[in-house]
Amino acid sequence: MIRILYTLLCISIAITVQAQVTGKVTESTGEPVIGAAVYLRGTSLGTITDPDGMYTLNAKEGTIVFAYTGLEQVEVDINGRSQIDVVMPIAKVGLNEMVIIGYGVQKKADLTTAVVSIGEETIKNRPMVSAAEALQGKAAGVQVTQPSGKPGGDIAVRVRGTTSVLAGNEPLYVVDGIPTTDIRGLNPSDIASMSVLKDASSAAIYGARAANGVVLITTKRGVEGKSTISFNAYYGVSDIRKTIQTLSTKQYRDLINEIIPGAIDPSATAYTNWQDETFGYGTNQSYQLSFLGGTSITRYLISANYLNQTGIAKPASFDRYSLRLNLDNKATDWLNLGVSLNMLRSSTKDTPDNASSGRGGVIMSALNTPPFLHIYRQNGSGQYDPNPFQPSWENPIAYMFGPDQEAVDNRLLGNVNAEAKIFKGFSLKTNFGADINAHQWDYYLDPFKTNYGRNQNGIGQADKSNSMIWLWENTANYTTSFNDQHLSFLAGSSIQKSRWSDSFLYGTDYPDDTSVQTLNAANVITGSTDVQEWSLASFFGRVMYDYKSRYLLTASLRRDGSSKLANPWGTMPSFSLGWRISDEPFMKSIDAIYDMKLRVGWGKNGNQEGIPNYARYGLVSYYRRAATNPLSGPSSVQVTYGNPDLKWETTTQSNIGLDIALWKGRFNFTADAYYKKTNDVLLNVQLSNSLPITTIQTNAGKIENKGIEFNVSTINTTGTLHWSTDFNISFNKNKVLALDYTEVYYFGRIYSNNQDVAIVREGMPLGIFYGYISEGVDPETGNLMYKDVNGNGMFDPGDRTIIGDGNPDFTYGLTNSLTWKNFGLDLFFQGSQGNDIFNATRIDLEGMFDSKNQSVAVLNRWTPDNRNTDIPRAVGGGNVDNVRNSTRFVEDGSYLRLKSATLTYNINAKSLRHLKLQKLSVYITGQNLLTFTKYSGFDPEVNAFGQSATELGIDYGTYPQSRTLTFGVNVEF
């Protein structure tokens, strides 16, 4: 009997261990689903389907979950079966998908506002430094521009146009509930989803910081019953897309001798290609290890990442170390606890750009430095070769590697929260967060290698700042349902406070020993300190109602109080309505229409970001003249006038939208039209020049934006070849409606001709170019002719007029995603149409007014023997008459770019089992591989003035974008 029982036990154990479920997963068309996730709910057991749609899972009992992007998730109980075949229907347009909204979530089907959601799939396999890059070309109404190709550089994001001149136009980012304006430290691989709140009715819940839209970022979190270890890595190489041909030594010598006869010895034949010396290969690499899993009580995610990007023009680089910890704990049946912590350290080295070759601009120096110079003096001293015409102008290598400089940031961004479920449908939540940053920038230019360093006998600088922003928010939520009606209430309060302190030191006259770099060694030291504080108190509420998801209503109200203003309080209301037309009885007979919803909304938001922290007070600066008189006492000077009547800018926006899904969700179309009007625009109004302070900041303008947006998503083919397409296009028109006190404001000073190229004028959009109309070269004199616009018969400043517009007529993005067996291909095109670029780089490349090297365009310059040309004569002597800001330098900045192309191969699941791997994929990604444009400069995606609202599309020696080829691998254990 014992032997029989033992035998039966062994057989039972063997059956238990070896029990398997096999089957085939297909679409409703009968085609196999390749790469579908198949796992046993509540465990870590899982696999993926092979190219035939087959799977094998070691399980005897439980529930199997089948999941695949674009198809409905299917769950099946095993019930002792050994073979389970599954048919996965096409997903219902994501209507049941939950979308992150302000202080909560909502079913996509019930949205009444203009919200676009970007998922993890958009970010995966696309190497990015900043999370803002994921928005470019992916969201209608969101214009993303990378003004510079410099590693770690800022990215300009505009949600439905530009609303402000001085107060900032970047959206508010909310990362796991923490509002911030800086997401450069956020690791894109940690992001689970991004929701862009585009209209006022969706963003009004964030009140006085939401006029430019809100981007809600949710990071990945642990999953119950699924333990996964993931390792992701990539490495890439980049180079410059194109170069600009400049004069050879002989061509340069001929030109200079034409300007200054005999200036260059004919024996000077050496040649240095400064662009080859300046531009090289850059690299980008990232390594991430993450642990994800949990139980029914506690869920966790831990991720560590190292990212490094070096630029195509050294020493520009960006290094980032980041560590993330996300925890969720069910303390009791009624209390949930959560923690989100992100710790990071970043290091940035700069390559100076957006400046002339005489002011430290590396890019302009690479173009303008005389070609017969060497990198170093030929006497073996190790000093950089000086410019014989302008000794203060260094060569580009001296600008790049002369100084030692680095900026280091240590940052902690995180929050802890607790949510208590008091009774059915009612919960209370408290959230405490902090954003802490320590910044250190150091600079040292020795007194030996560069001419500038020798003149100052060495220069040292140090800037140290510390900031802390803390947040405490409390919300109450109540949801209920009755008679096909659903009702949700939200009420809350928020307190946020910021403190920033800064210390700066500047020293000169160092010892000759270049190993001594401490500022204490400088004989002349000056410095400054500064402390800034602000706080914001808020109360808000929202109600959401729907009847059978057919008739929908959302209304919100927020009241903010800002410490920046003498009259701090403002109220921002909003409402939106939705009508699901497809659920009406008269629509039932139209089989093609799967879903149709009409949305309308209105709301009011504020913009307090650009208001100085102490705007209501007149500020006084204290200083000591210790450098010239160490015994002198402190002195003071008033630097601003206070304005007790100052208000934040207020933007009112109306929106109407239509969502349509056809043929069971295979064709999805969204259209939105909006009108935004911003009142109380902040401007620095000019006062009398006889006053000690000649401007005062006040509310003195109105701006409008109006536009339409379209988004189309299609599933073109299913089965073995799965092909989907996403296309979006956005049209926006900007206009300054009113300017009080001053008729025109000037911006965008170009150093070489000392003229402003951008203006703000009533009736015109922000970002327009201002200057003269060029009428070609006078064949008799060789000088440029300008149009007599004001008709007074003479050439004068009154002839200046509008000569271009940096705003595009429309922007667009197109993504095609294809999968075939184990292969995947993603092609992402992005473009801008109708925008102008003011190519100020050409002022220094075609001006021929001093000793700078020029582009080969000047080989066609006017001479007595070459009178029929569009390039004026060489003038020299600093004469800039031929390079005034004019239509001569305005170019078409439209472009179409293959922003990224990714080819992926997923290793067959059967091949991975003996390696104990769940998934293994390799990919290659090309970025900026193709660019179609008529622009003659390095790159059409450019702005020398960064994120500026008034100076758009100006190229003045800007660090160019690069082409990148990246190889990556993703592994799951």
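Reader: Before we start, what counts as a salt bridge here?
Author: A salt bridge is a side-chain nitrogen of Lys or Arg within 4 Å of a carboxyl oxygen of Asp or Glu. Keep in mind that this is a predicted model.

Reader: OK. Take Asp-955. Is it buried or exposed, and which side chain of opposite charge is nearest?
Author: Asp-955 is buried. The nearest side chain of opposite charge is Arg-241, 9.0 Å away. The cut-off for a salt bridge is 4 Å, so Asp-955 has none.

Reader: Where does Asp-955 sit?
Author: In strand β50.

Reader: Which side chain makes a polar contact with Asp-955?
Author: Tyr-935 does. The two side chains are joined by a polar contact of 2.7 Å.

Reader: What else is Asp-955 in contact with, leaving aside neighbours within four places in sequence?
Author: Ile-837, Phe-838, Asn-839, Ala-840 and Thr-841 are on the list, along with Tyr-935 and Val-942.

Reader: Pick the Glu-941 and Lys-899 pair. What is the N to O distance?
Author: The side chains of Glu-941 and Lys-899 meet at 3.4 Å, N to O. Glu-941 lies in the loop between β49 (919–933) and β50 (954–955), and Lys-899 is in strand β48 (residues 895–906), so the pair ties together parts 42 residues apart in sequence.

Reader: Are Glu-941 and Lys-899 buried or exposed?
Author: Glu-941 is buried, and Lys-899 is too.

Reader: How many salt bridges does the structure hold?
Author: It holds 37.

Reader: Give me another one. What does Asp-353 pair with?
Author: Lys-150. Their side chains form a salt bridge of 2.8 Å, N to O. Asp-353 is in the loop between β21 (335–349) and α6 (362–368), while Lys-150 is in the loop between β11 (142–145) and β12 (156–159), so this pair ties together parts 203 residues apart in sequence. Both Asp-353 and Lys-150 are buried.

Reader: And Arg-184? What does its side chain meet?
Author: The side chain of Asp-182, in a salt bridge of 3.3 Å, N to O. Arg-184 is partly exposed, at 36% relative accessible area. Asp-182 is also partly exposed, at 29%.

Reader: Why can such side chains pair at all?
Author: Opposite charges can pair when the charged atoms come close.

Reader: New topic: strands. How many bridges join β32 to β33?
Author: There are 13. β32 covers residues 649–662, β33 covers residues 667–679, and they run antiparallel. Across that pairing, Ile-660 stands opposite Phe-669 in β33.

Reader: What's in the turn?
Author: β32 and β33 form a hairpin with 4 residues between them. Trp-663 sits in the turn and has a positive phi of about 50°.

Reader: Which strand does β33 pair with over 12 bridges?
Author: β36 (residues 701–717), in the antiparallel sense. There, Ala-671 has Phe-710 of β36 as its bridge partner.

Reader: Last one, Met-98. Where does it lie?
Author: Met-98 lies in strand β8 (residues 98–101). At 46% relative accessibility, Met-98 is partly exposed. Not counting residues up to four places away in sequence, Met-98 touches Val-105, Gln-106 and Lys-107.

Reader: How far apart in space are Met-98 and Phe-540?
Author: They are 22 Å apart, C-alpha to C-alpha, and 442 residues apart in sequence.

Note on methods. Residues are numbered from 1 along each chain as its sequence is written. This is a predicted model: local features need pLDDT of at least 70, side-chain atom pairs count only at pLDDT 80 or more; totals for chains, interfaces and linings use all residues. Side-chain values use heavy atoms; hydrogens and water are left out. Two strands pair if DSSP finds at least two bridges between them. Helices (H or I, at least four residues) and strands (E, at least two) are DSSP runs, numbered from the N terminus. Buried means under 20% relative accessible area, exposed over 50%, partly exposed in between (1.4 Å probe, protein chains only). Lys and Arg count as positive and Asp and Glu as negative; His and the chain ends are not counted. A polar contact is a pair of N or O atoms within 3.5 Å; within protein, one must be able to donate a hydrogen and the other to accept it, and residues adjacent in sequence count only if both atoms are side-chain atoms. Contact means heavy atoms within 4.5 Å.
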